[in-house]
Structures are given as structure tokens and as C-alpha cells.
Amino acid sequence: MSNYRHHSGGGYCGIEIRDMHPRISQNFTYVSSCVKYMIFMLNFIFWLFGGLLLGIGLYAFMDKWESTGWVRLETVYDVILNISLVMMIAGIVIFVVSFAGCLGALRENTCLLKFYSMCLLLFFLLEMAIAIMGFVFPQNMNSFLEDKFTDKIIHSYRDDPDLQNFIDFAQKEFKCCGLSNVGYQDWSKNEYFNCSSPSVEKCGVPYSCCINATDISSGLVNIMCGYGVQEHSVAAASKRIWTSGCIEIVRVWAERNLYAIAGIALGIALIQLFVIYLAKTLEGQIELQKSRWSA
């Protein structure tokens, strides 16, 4: 708003214009402290989590290296199925991305914020692609997992202690045995459980397939409870072990809990989009502040 005043007399006639806009204070900033420190705190938490995940993965990897003396990393499947290595890679990614978010927000660095928001967007798109494949094409996803991972996982059961513990946990929790639609017969592909093996475990399955692996009176686990079951029919074997493959069991479980899984996935997606929005908002505020300084 401007105030106009007419002057006349004294040989001068004109209009005086006075600007009524209040001047912006030198201490004024477009950068919101709330947005800035919210991004910093969120990423600081994930930065700590990434460091913890990296540390646990590194410890497990070194422990495996010292106990076995070697770690096979010949193909991409060897990397995917190496749980300690996957933890290390995930830890490094989370550590680097969250550190970029922390430093970018704290130092008001637009390059780091752009890198951070781009990484979050890539993660979001990747998660959406996997979710769409899982929900829209469940049978295709089943077939892909069975074709690509069954043989690799079964073969590596005794070679990788971390993978062995993970398989045992999954078989006990989901009450399944093997991976594919042939169920417990998958274990014939393992050199220790194959019926032609000289091992005492031949024609058997891991104890985690057993319906009652733990003795009630003693509380001890009977690791021999699955011996010889591959020689039995499905009807006979089902009295001692779970006979269905884990991939199909997990698919059925996911269908039964579809709304809960969809709700959790939607919540995670909304949180990611919200953080991306905060990062882009802060980036825009920093650009405004820079343009004010350069004006």
C-alpha cells in the first residue's frame, strides 16, 4: 500500500509517494525450522538403524567367514541368499540415504536433499511394482519364486548356517516343508537328504518340518524326527511332518490377511510420500532463501 500526497506552492507541484509496506526483517528466513528438524530427526533415527543393521550384518559375515573359511559369491543368487550380506547391503543403503537426509536438512544443502528425495522415490516405485506383481499376478509370482529359488535354497541349506536357521524358522512358523508345490519332496534335491546319500539323514527332511519335533516330557528337540519320510506317501508322511511347500502356504496366509497387509503397505507408502513432500518443501524454501540473498 502506498500513500499519495499532493504538493503545491513554492514553485513545485508534484506527488510524493510513500511506500507503506513494512520492510522484511534481516532475520527473516523462508526455511521452516519445523520442517528442517523434522526431516533431521526422522533420518537420524534411520541413520542409527542403518548403522546397527550394518554392524550386525558385518559381525555375522565375519563369524561365518571364520567358522567356514569361505563364502560363496559366484552368482547373484549367492548374494541374495546370503542373509548377512543382504543385511550389510541394506544397512549401507539406509545409512547413506538417511545420512544424506540428515546432512542435507541440517546444512540446508539442496544437492543432498535432491539425492535423498530421489532415492526415496525410487524405493517407493520399486515397492509399488513388487506389491502390484504380488497382488495382481500371485500365481506368476509363485512360479517365479519356485523356478528361481527352490533349488538354490534347498542346495544351500547345510552350507550357510544363517540360511539354515531362517529356513527352519519359516518351516516351523508357517507349518510347511520345502518350498515348491511338491512340498517335502523338495528335500530330495539336497545332497544330505537325498535317498542316494551315504548320510544318516538320507530320505529325510529337516527337523523343522516335523509336527511334534519337541519331546513334551524332556523339552528336547528330536532332530531325527524327519528321517526316512521321503520314502512314505503323502498320507503316511503327513502323520509325522508338514507336507505342503512354504511358498504356497505363505501365499494362502497373505490372502487371508490381505486387508491387514494392504493397510500396512499403504501406511508405509503414505509415510514415504509425506517425507518426500517434506524434503521437496524444504528444498523449495532453501531456493527461495537463496534468491532473497542474491537479490
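Is C177 buried or exposed? C177 is buried, at a relative accessible area of 0%. By buried I mean under 20% relative accessible area; exposed is over 50%, and partly exposed lies in between, with a 1.4 Å probe and protein chains only.

Quick ground rules. This is a predicted model, where local features need pLDDT of at least 70, side-chain atom pairs count only at pLDDT 80 or more, and totals for chains, interfaces and linings use all residues. Residues are numbered from 1 along each chain as its sequence is written, and side-chain values use heavy atoms, with hydrogens and water left out.

Now the disulfides. A disulfide is a covalent bond between the sulfur atoms of two cysteines. The cut-off here is a pair of cysteine sulfur atoms within 2.5 Å. Searching the whole structure gives 4 of them. Count the bonded cysteines along the chain, and the pattern reads 1-8, 2-5, 3-4, 6-7.

The link of C177 and C209 has 85° about the S-S bond and is right-handed. Both C177 and C209 lie in the loop between α6 and α7, so the pair ties together parts that are 32 residues apart in sequence. On helix numbering: helices are DSSP runs of H or I with at least four residues, strands are runs of E with at least two, and both are numbered from the N terminus. C209 is buried as well, at 0%.

Next, C176 and C246. Their sulfur atoms are 1.9 Å apart. The S-S torsion is about 85°, so this disulfide is right-handed. The pair links distant parts of the chain, 70 residues apart. C176 is in the loop between α6 (161–174) and α7 (234–237), while C246 belongs to helix α8, residues 246–256. What about burial? C176 has a relative accessible area of 0%, so it counts as buried. C246 is buried too, with 8%.

The torsion about the S-S bond is about 105°, so the disulfide is right-handed. C210 and C225 are both in the loop between α6 and α7, 15 residues apart. C210 is buried at 6%. C225 is buried at 10%.

Which way does C34 go, buried or exposed? C34 is exposed, with a relative accessible area of 54%. C102, by contrast, is buried, at 7%.
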